[in-house]
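Here are my notes for your first pass through this model. Keep the structure open and check each point as you read.

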Amino acid sequence: MSPQDAPERYAGAEAGRRRGAGPDVGSGARRPADRDVAPEVDPDVDRQSWTGPPTVEPPSAIERAAAWSRRHRRAVDVGTTALLALFLVVPAGASTGATGAAPWLLSLLLVAPLAWRRTAPRVTFALVVLAGLLVLLVGDSRVPGLVAVLITVHAVTAYGTRRDGRLVLVTGLLASGAAGARFALFPDGALGLSGDPVTAVAITGALSLLVVAAWSIGQLSRVRVSHEAALTERARLLEAERDQQAVIAAAAERARIAREMHDVVAHSLAVVVAQADGGRYAARADPAAAVRALETIAGTGRQALADMRGLLGVLREDGAARRTPQPGAGDLADLVEDLRAGGLDVRLEEHGERRPLPPSPGLAVHRIAQESLTNVLKHAGPRASAVVRVRWLQGAVALEVLDDGRGAGAAPAPPGGQGLVGMRERAALTGGSVEAGPAPGGGWRVRALVPDEPPAADGSAASAGVRAGARR
């Protein structure tokens with residue numbers, strides 16, 4: 001991945017969570033008719049000023065070439081080394097002198113290691129140092145391949161470690177001093193250089209300046225390479241985080257859909273089964289009761305079908321789904337009335353002053369009560385009764401559903417059930433908790449504590465408010 005492709009930000013996970021936390025669609029209470037949710041329009045927005053999404057300029061030819069060079073580093077290094085050999089080694093081979101083929105061979109030994117200058121800078125450095133020592137020993141200054149020494153200083157500084165950069169700088173300065181000393185001791189008449197100390201110092205200074213210049217350019221290249229590596233790593237981490245957030249959002253969406261499907265199907269089918277059993281037994285003795293049971297079955301089935309269509313409509317991507325108001329704590333009376341009409345002996349008790357709740361806590365209270373009463377229908381037995389107690393505390397709502405049925409003696413639920421799991425998940429989403437188990441005097445009891453508001457970022461303020469309300 002090139003730095004130009006590194007994303008500066010990522011999106012999708014947070015938007016997925018928000019869509020997953022959107023309006024739920026469920027069953028169990030009488031609700032108003034469907035209505036469209038009209039988008040809000042800001043009158044202050046100047047539509048004439050909208051010029052469309054920002055345009056991204058395509059990369060220039062230099063940027064494309066640099067990106068291609070990074071992707072094909074080895075091929076670029078081999079190609080540039082071949083060009084250097086063409087312009088440095090071949091002319092050296094055409095020269096003549098006392099050493100014969102020495103300039104050609106020494107230039108080849110100096111230039112060839114440059115093919116690994118970025119992939120293996122230490123190896124390149126070691127081979128070029130050995131070739132430079134041979135040049136000093138042979139004593140022939142007509143070696144064009146000595147330019148490879150400066151290229152090696154730059155490459156090792158840019159692509160090696162900081163320790164390698166310091167080592168190549170010191171080695172280059174020492175080699176400059178050795179070259180000046182060699183000219184002082186063994187003057188080279190072919191180049192027209194005398195062996196006086198001034199010339200030796202001038203040669204040493206000039207070569208040292210070239211080495212320091214190559215090292216400085218290498219340091220700048222090192223900063224650029226480090227910056228590109230940091231951008232690439234950042235892009236990789238952002239992509240990994242984006243993928244992880246997408247997986248988390250998908251898992252949360254699947255859990256939400258499972259809860260809604262369970263609430264719609266399990267509650268409705270429990271009422272249908274209870275009415276069907278009652279109507280079958282009462283068909284001969286009381287035909288009117290059987291008719292009422294069939295009417296309840298038909299009404300519950302139609303309501304479940306409408307809720308299922310609404311749930312599937314919310315999952316559509318075209319935005320054409322209709323949204324329905326969601327049940328809340330204020331709809332518990334309708335829920336109890338529906339189940340009482342379905343044959344369950346249940347009553348509602350409220351303590352404290354009722355107040356409106358936000359959608360998420362209100363829906364959690366309603367769904368927990370609905371699931372608890374559905375379990376009473378399925379597991380408590382034919383003559384069981386239940387009571388729903390709602391305590392309006394300061395900053396929280398305490399819900400208790402108690403029945404006098406079979407309790408712990410009921411048949412165990414089949415594996416894979418979503419009832420208790422869904423109740424705990426709904427309470428946890430609002431910062432609350434759910435406890436379920438056999439009641440001391442028999443039967444089954446479900447207790448839930450749901451805060452009015454979701455927990456704060458550190459959890460301190462909301463938790464303190466819930467604890468204070470629970471002590472009242």
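**Notes on the predicted model**

1. Start with what packs around helix 5. Its buried residues pack against helix 4 (102-111), helix 6 (147-159) and helix 7 (162-185). Bear in mind that this is a predicted model.

2. Now check the length of helix 5, residues 121-138. It has 18 residues, and at 1.5 Å a residue they should span 26 Å. The end C-alpha atoms are 26 Å apart, so the two values agree.

3. Which residues of helix 5 are buried? They are Pro121, Thr124, Phe125, Val128, Ala131, Gly132 and Val135. Seen down the helix axis, these buried residues fall within an arc of 135°, so they line one face of helix 5.

4. The face of helix 5 turned away from its buried side carries Arg122, Leu130 and Leu137, which are exposed.

5. Move on to the strands. Strand 1 (residues 345-351) and strand 2 (residues 385-393) run parallel, joined by 7 bridges. His351 has Arg391 in strand 2 as its bridge partner. Together with helix 11 (residues 359-379), strand 1 and strand 2 make a β-α-β unit, and this unit is left-handed. Trace that path yourself.

6. Find Ala398 in strand 3 (residues 396-403). Is Ala398 buried or exposed? Its relative accessible area is 13%, and buried means under 20%, so Ala398 is buried. Beyond residues up to four places away in sequence, Ala398 touches Arg389, Val390, Arg391, Leu393, Ala448 and Leu449. Ala398 and His351 are 47 residues apart in sequence, yet their C-alpha atoms are 9.7 Å apart in space.

7. Next, the largest nonpolar core. It has 30 residues, of which Val346, Ile368, Leu373, Val388 and Leu399 touch the most other members. Two or more residues each come from helix 10 (332-341), helix 11, strand 2, strand 3, helix 12 (419-429) and strand 5 (444-451). Helix 11 gives the most, with 6 residues.

8. Zoom in on Leu399. Leaving aside neighbours within four places in sequence, Leu399 is in contact with Val365, Ile368, Ala369, Val388, Arg389, Val390, Val446, Arg447 and Ala448.

9. Finally, return to helix 5. A second, separate core has 11 residues, including Val128, Ala131, Val143 and Ala148. Val128 and Ala131 are among the buried residues of helix 5.

Definitions and conventions. Residues numbered from 1 in each chain as written. Predicted model: local features only at pLDDT ≥ 70, side-chain atom pairs only at ≥ 80, totals over all residues. Heavy atoms only, no water. Helix = DSSP H or I, 4+ residues; strand = E, 2+ residues; numbered from the N terminus. Expected span 1.5 Å × (residues − 1). Buried < 20%, exposed > 50% of the residue type's maximum accessible area, 1.4 Å probe, protein only. Arc of directions from axis to C-beta. Contact = heavy atoms within 4.5 Å. Pairing = 2+ DSSP bridges. Right-handed = clockwise from strand over helix to strand, strands pointing away. Core = buried A, V, L, I, M, F, W, Y, C linked by side-chain atoms within 4.5 Å.
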